[in-house]
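Work through the following exercises with the sequence and the coordinates side by side. Each task is followed by a solution that goes step by step.

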Amino acid sequence: MRYNNKWLPSLLLCVLFCCTAAAAAPADSTGNGKTADTSAKSLVRGADDLKGGNTLDVLTDFFQLAAQDLASSSKSFNFKSTLFALKLKADSSLNIDTLFRKQRLSRNLQFDIAVNVDQDFHLTGFTAGVTYAFINNRDKAMANFRSQAIARNDETLLNVLDSLTNVYSRQNILTLQNVHARDSLLGMMAKGAAVLRASSNHTIDSFPKGFQAVLRPYKLDSLSKMIQTEYDSLMDDVGQRGLLTGSVYGSSNNLNQLKSGYAEVIYLKGKNVQADIRGKLAYTDTVMPNTNYRLNCDVSGGADIEIVHSKTDPHKSVMEIKPALEYQKVFNGAYPGEKDEMFTFNAEVRLRITNNLWIPLTVKYDVRNQNFLGFLNVSFNTGMFKKSLASK
Amino acid sequence: MKSVTLTVNVYGGALPPVPIKVYLDGPGDNDHQKFSKDSSFSYTFSLAPGNYQLMVGGQNPAGGSTTVILAGDISSGPIPTSPQSQNTAQYAFIFYFTV
């Protein structure tokens, strides 16, 4: 039975879209598509993905609107967030480190609500689920480099900078009688220190000319660049660590009856070549002659391999391929003609269209039956909207 | 003696990747202070009259930021004005003030 009110699904979709678009944040310029399309990977999105540290924009980066299976007869529109994102909306001070570190549970708990529609955009049901990251070692917000060389280099640079700036200021600036000139030069000293450390410059050009000559032999600009390289490399390493998530999802039909559900466990590790192991137990309501439900499991293991990256940004993947082995078992409710066991070799190729838009094409080869199957998915992040609006 | 309070807040991470270093240089030979902290903090200096340079340096959590606030019995300054914030991977704040 279908809802007679044809406006209801459209209204729900509009509300969902407006909420998400209004909260749209700057796009994740790291552009790692590997975090874009699975619930497990989206948990990686956290403070490590936020640009500019602007607490007012923090929450919005956690929202995601995704349109799935656009080419098929059944479509869904998702609203996805973390518990931490909602708490942060109510209390922005949670983003301060001393409070942030106590939010491990809420940062690792993601919820997902979806409206499902048919090809005519009539409501066919709802989907709801939660995902929790039991192991999240790739959380860059937890990165700690205290025992690394970068900590010693950082201290060396600051020691030298403090000593030189203090001596120069006292001997050459604070002795000036002209208050305006003195304050102007002190301001340049402060700006010079900030620019020396800034990730885009690392130059001594913003210091007063006289002080630049003092600094030059110490090569602090080179040291600052080296620290930046170390920082980027170490953060990259963090992004390759293990991530283990568990999810439970359920979908209802338009009569609010449970139509399907699943429990899934995913483990990821690595980056350029990423191990990807998944296990899923799924339940589906059916209307077949001998049974009224289907219960099956799906276990796969493979490697996500970056085959092309951006020429301008080596950390930005443009094309990836994921070969995998998959085992499927139907415990109950096999379809007519369907084997209750299947062993396939899969290959998923994903092509980046924009920073946030990927097109994955999955091809499965059934070894026993020698059949090919293909699937196409398109998903995108609302950050893309705001970025495109900002550029206009 | 005058009181000047330094407040450093780190946003967007559980802790900064390396300790926050603080350097205070005063008018006398014995007015140099240096210490480090593992996370956000507030610290009050008790200072004799004179000109001071305060430097705070460290690194931000990925995508995070650090804000430094300087307040108290400051008769001139600080230069630059407080608060200051940086969201780059590394940062160094220098303030000049007179108490």
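A contact here means heavy atoms within 4.5 Å. The model is predicted, and the exercises should be read with that in mind.

**Exercise 1. Describe the interface between chain B and chain A by its residues and its buried area.**

Step 1. Counting by contact, chain B contributes 45 residues and chain A contributes 48 residues.

Step 2. Putting the two chains together buries about 3800 Å² between them, and carbon and sulfur atoms give 53% of that area. On the side of chain B, the residues B:A14, B:Q90 and B:Y96 supply 17% of the area that this chain buries against chain A, which is more than any other three residues.

**Exercise 2. Find the polar links across the interface, and say which strands of chain B supply residues to the side that touches chain A.**

Step 1. Between chain B and chain A there are 3 salt bridges. A:E155 forms a salt bridge with B:K34, and the closest N and O atoms of this pair lie 3.1 Å apart.

Step 2. At least two residues of the touching side of chain B come from each of the strands β1 (2-11), β2 (20-25), β3 (32-37), β5 (51-59) and β9 (90-98) of that chain. The largest share, 7 residues, comes from β5(B).

Step 3. Sorted by type, the residues on this side of chain B are 21 nonpolar, 20 polar and 4 charged.

**Exercise 3. Decide where the coordinates of chain A call for caution, using pLDDT.**

Step 1. Chain A has an average pLDDT of 76, and 75% of the residues score at least 70.

Step 2. Within chain A, confidence is highest in helix α7 (residues 149-173), at a mean of 92, and lowest in helix α3 (residues 55-58), at 26.

Step 3. Residues 1-63 of chain A have a pLDDT below 50, although the model gives this stretch 159 contacts beyond near neighbours in sequence. Residues 379-392 of chain A likewise stay under 50, with 35 contacts beyond four places in sequence.

Step 4. Where pLDDT is low, the predicted coordinates should not be read in detail.

**Exercise 4. Is A:N108 buried or exposed, and which side chain does its side chain contact?**

Step 1. A:N108 sits in the loop between α6 (104-107) and β3 (109-117) of chain A.

Step 2. Because its relative accessibility is 5%, A:N108 counts as buried, the cut-off being under 20%.

Step 3. The side chain of A:N108 makes a polar contact with the side chain of A:N136, at 3.0 Å.

Definitions and conventions
Residues numbered from 1 in each chain as written. Chains lettered and ligands numbered in written order. Predicted model: local features only at pLDDT ≥ 70, side-chain atom pairs only at ≥ 80, totals over all residues. Heavy atoms only, no water. Buried area = accessible area lost by both parts, 1.4 Å probe. Salt bridge = Lys/Arg side-chain N within 4 Å of Asp/Glu carboxyl O. Polar contact = N/O pair within 3.5 Å; in protein donor to acceptor, adjacent residues only side chain to side chain. Helix = DSSP H or I, 4+ residues; strand = E, 2+ residues; numbered from the N terminus. Nonpolar A, V, L, I, M, F, W, Y, C, P; charged D, E, K, R; others polar. pLDDT = per-residue confidence, 0-100. Buried < 20%, exposed > 50% of the residue type's maximum accessible area, 1.4 Å probe, protein only.
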